[in-house]
Amino acid sequence: MTQSQIASRSEYRRSQKKLGGYKARRKRKENNKRGKGKAVLKTLLLLFLLVILGGLAYAAKLVGQTTRVIDNSYSPISTRSDLNLHIDPINDPISILLMGVDNDEDRDLQSTRTDSMILLTMSPEKEVINMVSIPRDTYTYIEVPNYYSGYEKINSAYAQGESYAKSEGENVESESAEAAIDAVENLFNTTINYYITVDFNAFESVVDAFGGVEVDVPYDIVEQNAKGEVVVDLKEGKRRLNGEQALAFARTRKKDNDIERGNRQQEVLMSLINQAMNVGSISKLESVLKAMDGHFWTNIDRSTIMKIGESGLSTNYTINQNKLSWMSFSYYGASYVGLHQDSIDYVSHKINVLLGKEPEDERDAADYEFVSNGIVSPSTFPQDGMGIPD
């Protein structure tokens, strides 16, 4: 990305004033929630259940089936293989991009976009896991070498990699994931070791396999099918949801936004993970494995998965859920998200500290509370004057 592609910060501040505001001074507190346990994201927990329940991989009668499911999912990326060659997840920090996609043989869409993205960073030494949900509509730079480069929604990076793979006869899962990884690495100026991609079919089946999830529905949710028939009707309040209902709860944006949607996705995961950790859930593993088989892909090989599982079971991790501060805008009729620059910097710092790429500073103090100045990053907002703040 050249200097000509991104305006200087001072120039952008001036243009911001001319446009009449991005609510630049509205402060958003970073809810840096901490808690004990194992957490990842929404549909992507499918593979991660094997990590979180890693002990079962060593002792359960289903270990043979576990091995087969993991091996079937393996889709390596050559550049990441070199990067990860000497990593020991039991002792070394790692980062994993978790992606949920909404395409399969039944839907057969022309291209696949990521419906959800969470970057997870874990440090066994510091006993900390950082999670950050990335709004799917984030305007950012995407590049697939010798194929595509430009600014688009970050959820389209996966589709660009998929299109390239199909045109060149390459592995679709690997190339799609690599394009998404590159976009997220560029956004946060960091390094990502692994990816896990899961489709939504498995999500519903896994929720049902565990007997549903308990969540707090923030408002009434009504979803219809293509025939106009009501298929999901949820009332506000504490509810136990089946797979179809949980998917609607995790995906809807009718009354809020991408950020709140990301929070709901994490709420579903935490509820499901808490159930999965119960001894009584061991008997349900076979159903979970059947739901996962053929519905997820990863460049984490079986040996590494077992080590990550061992680390998760033997380390008392603290979970930090970092949240990006943002604004919304329209660009040629489409809705986008622009991230506040100091929010990107803060999240990037927290990621890179865990990875050992940056030293700690005052932002890592126990009493530090991040508050954004509301200035949108010029790398996540179009610089041609055609962006219209909402």
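Tyr139, Tyr141, Tyr151, Phe329, Tyr331, Tyr332, Tyr336 and Phe381 form one aromatic cluster. Rings of Phe, Tyr and Trp (its six-membered ring) pair if their centres lie within 6.5 Å; planes under 30 degrees apart count as stacked, over 60 as edge-to-face and the rest as tilted. The model is predicted: local features need pLDDT of at least 70, side-chain atom pairs count only at pLDDT 80 or more, and totals for chains, interfaces and linings use all residues. Residues are numbered from 1 along each chain as its sequence is written, and side-chain values use heavy atoms, with hydrogens and water left out.

A search of the whole structure finds 12 aromatic pairs. One of them joins Tyr147 and Tyr164, with ring centres 5.6 Å apart and planes at 65°, so this pair is edge-to-face. Tyr147 lies in the loop between strand 5 (139–144) and strand 6 (148–153), and Tyr164 in helix 6 (residues 157–168), so the pair ties together parts that are 17 residues apart in sequence. Helices (H or I, at least four residues) and strands (E, at least two) are DSSP runs, numbered from the N terminus. Tyr147 is partly exposed, at 36% relative accessible area. Tyr164 has 19% relative accessibility and counts as buried. Buried means under 20% relative accessible area, exposed over 50%, and partly exposed in between (1.4 Å probe, protein chains only).

The rings of Phe329 and Tyr336 have their centres 5.6 Å apart and their planes at 15°, so they are stacked. Phe329 is buried, at 0% relative accessibility. Tyr336 is buried too, with a relative accessible area of 8%. The charged end of Lys153 sits over the ring of Tyr336, 5.4 Å from its centre. For such a contact, NZ of Lys or CZ of Arg must be within 6 Å of the ring centre and within 35 degrees of the ring normal. Arg264 places its charged end over the ring of Phe249, 6.0 Å from the ring centre.

Phe249 also belongs to the largest nonpolar core. Of the 46 residues in this core, Ile96, Val213 and Phe249 touch the most other members. Helix 8 (residues 200–209) gives the most to it, with 6 residues. Another core, of 32 residues, lies apart from it, and includes Leu119, Ile181, Tyr346 and Leu355. A nonpolar core is a set of buried Ala, Val, Leu, Ile, Met, Phe, Trp, Tyr and Cys residues joined through side-chain atoms within 4.5 Å.

Now helix 7. Of its 17 residues, 13 are buried, so helix 7 is largely enclosed by the rest of the structure. At the start of helix 7, a side-chain oxygen of Asn171 reaches to within 3.2 Å of the backbone nitrogen of Glu173. Just after helix 7, Asn189 takes a positive phi of about 50°. Ser174 lies in this helix (residues 172–188). At 7% relative accessibility, Ser174 is buried. Leaving out residues up to four places away in sequence, Ser174 touches Ser75, Pro76, Ile77 and Tyr195. Contact here means heavy atoms within 4.5 Å.

Where is Ser325? Ser325 lies in the loop between strand 13 (318–322) and strand 14 (326–331). Ser325 is buried, with 3% relative accessible area. The side chains of Ser325 and His340 are joined by a polar contact of 2.6 Å. A polar contact is a pair of N or O atoms within 3.5 Å; within protein, one must be able to donate a hydrogen and the other to accept it, and residues adjacent in sequence count only if both atoms are side-chain atoms.
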